[in-house]
Structure formats: C-alpha cells, structure tokens
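Here are my notes for you on this one. Have the model open while you read, and go through the points in order.

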Amino acid sequence: MAHEDSFLYALSSNNAWAGYKAHQNPNFFPKLASGQSPQILWLGCSDSRCPETTILGLQPGDVFVHRNIANIVSATDINTSAVIEFAVAHLRVAHIVLCGHSGCGGAIAALGGARLGGVLDTWLTPLRAVHRAHAEELDAIKDEKARAVRVAELNVQAGVEVLMANGVVQDAVRERGLEVHGCLFDIGSGRVRDLGVGTNKGGVRAGGSGEEVRGRHAQLVFRGGNASMAVR
C-alpha cells in the first residue's frame with residue numbers, strides 16, 4: 001500500500017468497522033457514548049505491534065490506556081502519573097497491567113549503549129539504569145534476542161516497583177483490593193505472559209481461584225501465573 005493511501009484506507013476501514021458494529025449491536029455505540037467504566041488500566045509500549053485491546057480480545061471501553069516508548073514508568077513523569085491517578089482514583093479500575101514486549105526497540109537500544117540523540121537518550125535513562133543494575137546477569141545471556149527479552153522483563157519489574165510506591169495505587173490496593181500485574185507480550189506467538197510481579201506474586205490471588213476481568217464479548221482470566229481468554 002502506498003504511503004499516501006494508508007490514511008484513506010484507514011478511514012475506509014473505520015467506516016466498514018463502525019457499520020459492522022452498529023449492525024451487529026445497534027446499542028453498542030450509544031452505550032459507549034454514555035460513559036466509560038473500564039476494569040483495566042494498561043500501561044504499555046507505543047510499538048505499533050502491541051495494540052492492547054486487540055491482543056486482549058476485548059472491546060472499546062474495556063481498557064484505559066497509556067503507552068510510551070519502552071513502557072517506562074517513572075515517578076517523575078507527570079503524564080504517566082496523571083493517567084494512573086485518573087484511572088485508579090476516578091475510574092476505579094480493578095487492575096493495572098504493566099506490559100512490556102519481545103523485540104522492544106528501547107530494550108535493544110539500552111543494551112547497545114549507543115547514543116540515539118535528542119530526547120530519546122533522556123527518556124531511556126531508566127532503562128539504561130536497569131541494564132547497568134543487572135549487567136552481570138544480562139551479559140551472561142549469549143543470545144541477543146533472549147537478552148533483549150530479559151531486559152524487557154526487568155524493565156517491567158522496575159516499573160511495577162514504581163507503581164507499588166505510588167500513593168494513589170497504595171491506597172487503592174489497601175482499601176479496595178486493586179491488583180497490579182507485570183506482563184510481557186510475545187510478539188512471535190501473540191501471547192501475554194504474567195511475570196508474577198505486583199500484588200499477586202506468582203499470578204495467583206489469595207484463595208487460588210483466579211481473577212476474571214470481563215469485557216463485553218470476552219473475559220481475561222489471571223490464574224496460576226497465566227492469563228487466558230474465554231469468549232462469551
């Protein structure tokens with residue numbers, strides 16, 4: 001597809017999608033327009049291959065979203081902090097999911113150490129710090145792809161630690177059982193893997209029965225260190 005045609009194609013595709021959804025369920029868009037009550041806050045990477053609602057099999061209105069380069073969560077980033085506060089304190093989401101992914105350009109850049117120039121070097125500073133903190137472990141991994149996946153996992157772990165230190169998140173965890181999950185999306189398989197960090201370490205909540213996050217046409221299930229999808 002020519003570059004000049006991609007936007008027109010997107011508009012045409014949107015028109016077809018909107019028509020299909022309205023035909024499938026005439027109340028879908030009027031209900032969506034009446035307000036939002038998502039159960040999940042998704043903090044992810046801006047990578048075009050990681051569209052959260054699509055990979056979770058959920059629908060518009062199910063996921064509140066913030067994405068940035070390399071899914072970095074920094075306590076000093078007012079943008080991320082504002083999203084977290086609104087989602088937790090006002091939308092009262094039940095889950096925060098911080099999700100990294102395989103083949104992350106930010107992770108690869110942090111491992112390489114080369115300067116990218118401009119604001120990107122500043123933005124990737126926390127990820128480079130993760131690399132330095134775990135240099136011995138990472139240097140022992142000879143496969144470059146595996147090393148990039150591992151630094152992406154460690155980046156999620158570091159981000160979850162920042163989340164767990166956030167006052168708004170702490171209050172919600174204590175007062176109403178908000179759950180925080182660290183995950184990794186494997187682009188090669190399409191699977192989201194629970195890394196077992198956050199409020200339910202190991203991926204199992206108290207009682208071991210698992211937690212369901214219901215969408216309009218599907219449910220995402222966190223259980224036993226894994227997330228599974230059941231279509232309704």
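1. Start with the UniProt record: its unreviewed entry puts a "binding site" annotation on Cys-45, Asp-47, His-101 and Cys-104. These four cluster in space although they are spread over 60 residues of sequence, and the largest C-alpha distance is 8.9 Å. A word on such records: positions are given in the numbering used here, feature names are shortened, and annotations may be inferred rather than shown by experiment.

2. Before you go on, keep in mind that this is a predicted model, where local features need pLDDT of at least 70 and side-chain atom pairs count only at pLDDT 80 or more, while totals for chains, interfaces and linings use all residues. Residues are numbered from 1 along each chain as its sequence is written, and side-chain values use heavy atoms, with hydrogens and water left out.

3. Where do Cys-45 and Cys-104 sit? Cys-45 belongs to strand β1 (residues 40-45), whereas Cys-104 lies in the loop between β3 (95-101) and α5 (105-112). Helices (H or I, at least four residues) and strands (E, at least two) are DSSP runs, numbered from the N terminus.

4. Now look at who touches whom, contact meaning heavy atoms within 4.5 Å. Not counting residues up to four places away in sequence, Cys-104 touches Cys-45 and Ala-70. Leaving aside its own neighbours within four places, Cys-45 has contacts including Cys-50, Arg-67, Asn-68, Cys-99 and His-101.

5. Last, zoom out to the whole chain. Among contacts with a separation of 6 or more, 56% come from residues 24 or more positions apart.
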